[in-house]
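User: I would like to learn how to read side-chain features in a model. Where do we begin?

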Amino acid sequence: CFLERQRIDSLPNLQAGALLNWRDNGIGGAPDVGVQVSIPVAIRNWNQGNIEDALNQLSARNSELSILEIELRQRYAEVFRQYRDAAAEVARYRDRILPRAEQALTLARDAYAAGETGFVTLLTSLRTLTQSQLDYLRSLEKLRAAEAELQGNLISSRLQGRQE
């Protein structure tokens, strides 16, 4: 992380060097050796400027991320609403409407077999179940279309992000 790097850089680095003069260069001296060690001492500078800059950059990136989240929510709000509504409709048909229509048809068949109702009542129950099944399929179609649109928008956003 850039911020951690700047905090670490506030610690001084140890520097060392060595010199070996093994040849007499006409000065009349003997070979000599020298060693140098230096430790910078920061009296007032603890890299605050770079640390502050890193904090500002981090804050700017967080702000950009928040703006991007808001833009994505606005862009996909309608698509997600359609998806959510279609999913609720599919669940309603699957969990309540179809089981009740099937139960009504079973009761109508039993009543017709027992001679308690007429053939028209049986046909009406069968038509209700068939219509409910068709409506369920239409709601599934809406749900899949909303899923495809949502996924397509997400993919196109990723591609646009790579191009920028």
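Analyst: With exposure. Buried means under 20% relative accessible area, exposed means over 50%, and partly exposed lies in between. This is a predicted model. Tyrosine 83 has a relative accessible area of 26%, so tyrosine 83 is partly exposed.

User: Is serine 125 buried or exposed?

Analyst: Serine 125 is buried, because its relative accessible area is 14%. Serine 125 sits in helix 3. Beyond neighbours within four places in sequence, serine 125 contacts Ala104, Leu105 and Ala108.

User: Where do phenylalanine 80 and tyrosine 83 lie?

Analyst: Both are in helix 2. They are three residues apart, so about one helical turn separates them. Phenylalanine 80 is partly exposed, at 43% relative accessible area.

User: Now charges. What can side chains of opposite charge do?

Analyst: They can pair when their charged atoms come close. A search of the whole structure gives eight salt bridges. One of them joins arginine 61 to glutamate 64, with the closest N and O atoms 3.8 Å apart. Both residues lie in helix 2, three residues apart, about one turn of the helix. Arginine 61 counts as exposed at 51%. Glutamate 64 is partly exposed at 46%.

User: Which residues are linked in a network of salt bridges?

Analyst: Glu78, Arg81, Arg84 and Asp85 are. Arginine 81 bridges to glutamate 78, the closest N and O atoms being 2.4 Å apart. These two are also three residues apart in helix 2. Arginine 84 meets aspartate 85 at 3.9 Å, N to O. Arginine 84 is partly exposed at 45%, and aspartate 85 is partly exposed at 37%.

User: Last, the nonpolar surface. Which residues make the patch of about 360 Å²?

Analyst: Tyr112, Phe119, Leu123 and Leu126 make this nonpolar patch. A patch residue needs over 30% relative accessible area. Tyrosine 112 has 36% and is partly exposed.

User: Which helix gives the largest share of the patch?

Analyst: Helix 3, residues 119–163, gives the largest share, with three residues. Tyrosine 112 is placed in helix 2, residues 48–113.

How values were computed:
Residues are numbered from 1 along each chain as its sequence is written. This is a predicted model: local features need pLDDT of at least 70, side-chain atom pairs count only at pLDDT 80 or more; totals for chains, interfaces and linings use all residues. Side-chain values use heavy atoms; hydrogens and water are left out. Patches are made of residues with over 30% relative accessible area and no salt bridge: like charges are joined within 9 Å, nonpolar side chains (Val, Leu, Ile, Met, Phe, Trp, Tyr) within 5 Å. Accessible areas come from the Shrake-Rupley method with a 1.4 Å probe; for residues, only the protein chains shown count as cover. A salt bridge is a side-chain nitrogen of Lys or Arg within 4 Å of a carboxyl oxygen of Asp or Glu. Helices (H or I, at least four residues) and strands (E, at least two) are DSSP runs, numbered from the N terminus. Buried means under 20% relative accessible area, exposed over 50%, partly exposed in between (1.4 Å probe, protein chains only). Contact means heavy atoms within 4.5 Å.
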